[in-house]
Amino acid sequence: MTGEEAVREAETLAASPGLDLALVAAQLPGIDGLETVRRVRDRVRGLPAFLMTSVIDADLATSAANLGVVGFVHKPLADLDTVVARLSQLARESLERTREHAYLARIKERHERVLARYRSLPREP
C-alpha cells in the first residue's frame, strides 16, 4: 500500500466510528510514513499514530516526536503477541494523555467563563 492509499483508506474508516489509532510504516511507496500521518491527522484530529520501522534513526525519531507520533514498533516483527502488547500499552498511554488534555481543556474553559463573569462585574469608582 502506498502512503496516498493509506490516507484514502483512513478517510473511509474515519467516516464511521472505530478509527482509534494508526499504525503506519515509516518507509512507504509514494509519500513516506510521516507525511501519511500528517495527512491522516488533517482529516482525523488527534488520532494516535505509531510508526513501524526497521531503521533506528535519530532524525526520524525527532521528526516523529515533533509530529506527535506516540510510539514506534520495530521490524522485523519477531512475535505478534509482543507487538500487540506494545501497541496496547502505547494506546493506553495515549488515551491517558488524551483524557488529561481534555480535562485540562475543560478546566481552562471554566476558568475563562469565571474570568469573563468577573470582568463583567460593575466596578466601584
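Leaving aside neighbours within four places in sequence, Pro-29 is in contact (heavy atoms within 4.5 Å) with Met-1, Thr-2, Gly-3 and Glu-4. The model is a predicted one, in which local features need pLDDT of at least 70 and side-chain atom pairs count only at pLDDT 80 or more, while totals for chains, interfaces and linings use all residues. Residues are numbered from 1 along each chain as its sequence is written, and side-chain values use heavy atoms, with hydrogens and water left out.

**Pro-29 and its loop**
- Pro-29 is found in the loop between S1 and H2, where helices (H or I, at least four residues) and strands (E, at least two) are DSSP runs numbered from the N terminus.
- With a relative accessible area of 48%, Pro-29 is partly exposed, a class that lies between buried, under 20% relative accessible area, and exposed, over 50% (1.4 Å probe, protein chains only).
- The C-alpha atoms of Pro-29 and Asp-57 are separated by 19 Å, and the two residues are 28 residues apart along the chain.

**The sheet**
- An open sheet is formed by 3 strands in the order S1-S2-S3, with parallel pairing; two strands pair if DSSP finds at least two bridges between them.
- S1 and S3 each have a single partner strand and stand at the edges, so one side of each is left without a neighbour in the sheet.
- Neighbouring strands of this sheet are turned by 30 degrees against each other on average, direction ignored, with axes taken as lines fitted to C-alpha atoms, for helices over the stretch in contact, and angles running from 0 to 180 degrees between N-to-C directions.
- S2 and S3 run parallel and are joined by 4 bridges, and Met-52 stands opposite Val-73 in S3.
- H2 lies across S1 and S2 and runs at about 165 degrees to S2.

**Thr-53 in strand S2**
- Thr-53 is found in strand S2 and counts as buried, at 0% relative accessibility.
- The side chains of Thr-53 and Gln-27 are joined by a polar contact of 3.4 Å, that is, a pair of N or O atoms within 3.5 Å, of which, within protein, one must be able to donate a hydrogen and the other to accept it, and for which residues adjacent in sequence count only if both atoms are side-chain atoms.
- Leaving aside neighbours within four places in sequence, the residues in contact with Thr-53 include Ala-26, Leu-60, Phe-72 and His-74.

- The 41 residues of helix H4 (residues 80-120) should span 60 Å at 1.5 Å a residue, and the end C-alpha atoms are 59 Å apart, which agrees; the expected span is 1.5 Å times one less than the number of residues.
- The buried residues of H4 are Val-83, Leu-87, Leu-90 and Ser-94, and they pack against S1, S2 and strand S3 (71-74).
- Asp-79 caps the N-terminal end of H4, with a side-chain oxygen 3.2 Å from the backbone nitrogen of Asp-81.
- Pro-76, found in the loop between S3 and H4, is joined to Lys-75 by a cis peptide bond, with omega about 0 degrees.
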